[in-house]
Amino acid sequence: MVNPDAMVSVEDLALQAGEFRLRNVSFTIARGEYFILLGPTGCGKTLLVEAICGLNTPESGRIHIDGRDVTFMDPAQRRIGYVPQDYALLPFKTVEQNIAFGLEAHKTGSKEIKERLDAIFEMLDIGHLRKRFPARLSGGERQRVALGRALAINPGVLVLDEPLSALDESTCKELMGRLKELHSQLNTTFIHICHRVEEALTLGDTLAIMRDGQIEQSGAPSEIFSRPKNLFVADFLQLPNLAKGEVKAASNGNMFHINGAPVAETQVPEGPAYGVIPLDSLTVSTHHPGEDEGCVVLTERIAYNSTGPHEPGLRFDGELGFLLPGIFPKNQWPIGAEVYIKFPRSAIHLLQE
Amino acid sequence: MQAAGCRFYLETRYFFMMHSLRRVGQWPWVSLGAGAILFAYTGFIAILLAANLIYLFSDMADTGATYFSDIFRSPDIRYAAWLTLWTSLLSCVLAILFAVPCAYALSRLRIPAKPLFDMLVDTPIILPKIVVGVTLLVFFQTAMGRGIQGLGLQFVFAPAGIVLAQFLCVSPYALRTVKSSLDAVDTRLEDVSRTLGWSSAQVFWRVTLPMIRNGIVAGGVIAWALAMGLYGPLMVFAGTTRQMTEVLPTSIYLELSVGRIGTALAITMVMVFFAMLALLLFKRLVGGQSLW
């Protein structure tokens with residue numbers, strides 16, 4: 001049964017491409033959501049969005065867009081705006097002709113094409129490029145033209161394949177702002193592929209993290225950050241609040257230890273484990289905060305402390321060892337100082353290799 | 001002396017830098033070497049052509065013979081020229097009409113036993129050209145071949161046979177040229193166009209064909225040039241009947257075989273002149289860009 005609120009719904013998709021295989025891929029994207037598909041290079045992100053666009057035929061599974069089963073539908077019928085990684089602008093057409101290309105396919109009248117072109121040129125600020133050929137555009141300009149071409153057909157879903165990966169830092173930041181702005185203006189569902197966590201966090205309402213042709217975890221960024229499903233997800237997101245410890249047998253079940261101190265009871269089997277420490281309920285102080293029934297207090301020495309713009313944060317000596325970027329921006333604690341870290345036991349989330 | 005040598009080196013280097021937009025760090029001898037080889041190669045071709053012309057005009061002065069006016073006046077040569085022109089153009093058009101879909105199928109479709117098709121396509125390239133003529137002659141002796149001729153279309157010792165033999169010999173070259181330009185087209189352009197609302201057939205006309213325009217023109221030029229110069233298989237399959245199946249390359253061969261070197265060379269020079277003119281025209285057709 002397809003969720004009526006879902007704009008895109010992928011159920012149990014499997015697809016083979018050469019040696020590579022997508023398997024058991026299932027997720028839904030709500031109407032108007034900014035969905036980020038995140039994962040290392042070669043994990044199958046592009047293959048997955050190509051299947052959504054209709055450029056690859058799945059072996060099994062279903063794809064629904066706006067309630068319609070599009071699994072075997074021609075790409076032309078899906079009304080998906082696709083911006084591939086290399087932009088794929090037609091080199092023999094001008095910017096204006098490239099953007100109008102999709103409109104011509106939909107038998108749009110010349111007056112309407114002109115109005116739509118003007119709207120796109122204004123929205124993306126590319127009016128001055130209209131008579132230029134793609135070979136004479138910069139990377140950022142090509143990106144905007146490809147975006148304009150995809151938006152011109154008024155798509156229900158806009159698919160962006162690594163749109164910012166080939167751009168320099170400042171163009172990238174500018175385009176991130178523009179994408180966010182466009183998303184709120186258009187109320188279109190966005191699917192955005194990327195491999196950079198910062199980009200994903202800035203733009204996404206929902207993240208899905210992929211590895212080796214499978215979705216490892218999907219959900220709101222805050223949920224994934226506080227409860228990553230496994231160590232791969234935690235590592236890929238470069239979670240700063242990951243503490244290495246060990247699960248040992250105790251009298252009433254297993255217990256997770258950091259720096260030898262018991263932290264939380266757990267069902268996780270004995271052996272090395274990692275604890276995701278909840279940042280929202282964590283306090284650091286130079287005086288002992290006092291024991292509290294449901295809380296853990298760990299003692300650590302400060303190994304690195306920077307309040308400057310470059311990598312601001314705290315890193316500790318022991319197993320906790322994590323960096324807390326920007327949580328204590330105005331602290332004056334010197335390196336080597338002993339501090340007490342306090343957080344609720346129940347909030348810790350354990351992961352194993 | 002050393003200073004002059006050094007200056008010569010620097011000036012030559014500067015010349016190649018200016019004219020080849022040499023990349024930073026590129027070894028200067030690479031540009032010098034490549035430039036020198038290009039000059040030597042094209043120079044050799046120019047000398048060969050010049051030698052032919054010198055031979056023709058010096059011989060003309062000695063004997064008073066006017067080879068050029070002779071060949072223009074000869075009805076046999078005029079007929080052969082016209083036959084060469086229309087048969088080579090027709091076989092070039094046919095070669096392109098077959099090359100484009102075949103190259104598309106080889107480049108884009110998942111065909112079982114593709115290497116086998118690939119090899120069969122190239123077979124006329126590997127075969128000695130004269131064997132193509134013999135093979136055609138043998139084929140038209142079979143029941144199928146006789147059946148085709150029975151339909152009213154005469155190939156053996158007929159102008160249609162010239163077109164068929166030329167088509168067989170030149171189409172693999174056209175196909176290879178078109179296929180290499182098709183392989184170079186980013187299939188993502190076609191993919192994106194399909195998502196924009198165009199069907200696969202429309203994408204072929206509106207995206208793929210314009211993208212391989214230069215490849216098609218280049219393939220056509222190669223096919224036409226090869227067809228113009230072909231004579232071995234034509235002599236075997238279509239014969240050398242004057243005012244019927246004699247094409248210009250056959251005329252050259254026949255003139256040479258009876259020792260009329262001057263007439264043969266005059267025909268050659270006229271062919272070279274018109275071929276060069278056609279090449280220039282084709283280059284204009286693709287917008288002054290390089291054909292291949």
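A residue is taken as buried if 20 or more other C-beta atoms, placed from the backbone, lie within 10 Å of its own, as exposed if 12 or fewer do, and as partly exposed in between. By this criterion, buried residues make up 40% of the 353 residues in chain A and 32% of the 292 residues in chain B. The structure is a predicted model, in which local features need pLDDT of at least 70 and side-chain atom pairs count only at pLDDT 80 or more, whereas totals for chains, interfaces and linings use all residues. Residues are numbered from 1 along each chain as its sequence is written, with chains lettered from A and ligands numbered from 1 in the order in which they are written.

Chain A comprises nine helices and 19 strands, and its C-alpha atoms fill a box of roughly 75 × 45 × 35 Å along the principal axes. Chain B, by contrast, has 14 helices and zero strands. Contacts are defined by C-beta atoms, placed from the backbone, that lie within 7 Å. Of the contacts with a separation of 6 or more, residues 24 or more positions apart account for 65% in chain A and for 72% in chain B.

In chain A, an open sheet is formed by four strands in the order β2-β1-β4-β5, with antiparallel pairing; two strands are considered paired if DSSP finds at least two bridges between them. Strands β2 (20-30) and β5 (68-69) of chain A lie at the edges, each pairing on one side only. Strand β1 (residues 6-17) of chain A is joined to the antiparallel β2(A) by eight bridges, and A:A6 has A:A30 in β2(A) as its bridge partner. Helix α1 (residues 45-53) of chain A lies across β1, β2 and β4 (60-65) of chain A and runs at about 120° to β1(A). Axes here are lines fitted to C-alpha atoms, for helices over the stretch in contact, and angles run from 0 to 180 degrees between N-to-C directions.

Two helix pairs of chain B were examined. Helix α6 (residues 129-139) of chain B packs against helix α8 (residues 159-183) of chain B at an angle of about 130°, with the axes 10 Å apart. The two helices, α6(B) and α8(B), are therefore oblique to each other, given that angles under 35 degrees count as roughly parallel, over 145 as roughly antiparallel, 65 to 115 as roughly perpendicular and the rest as oblique. In this pair, B:K129, B:V132, B:G133 and B:L136 of α6(B) meet B:L164, B:A165, B:L168 and B:C169 of α8(B). The contact of α6(B) with α8(B) has six nonpolar, one polar and one charged residues, where Ala, Val, Leu, Ile, Met, Phe, Trp, Tyr, Cys and Pro count as nonpolar, Asp, Glu, Lys and Arg as charged, and the others, Gly among them, as polar.

Helices α9 (residues 187-195) and α10 (residues 200-211) of chain B cross at roughly 140°, their axes coming within 10 Å. Residues B:L189, B:E190, B:S193 and B:R194 of α9(B) meet B:S200, B:V203, B:V207, B:T208 and B:M211 of α10(B). This contact of α9(B) with α10(B) has four nonpolar, three polar and two charged residues.

Technical notes
Two residues are in contact if their C-beta atoms, placed from the backbone, lie within 7 Å.
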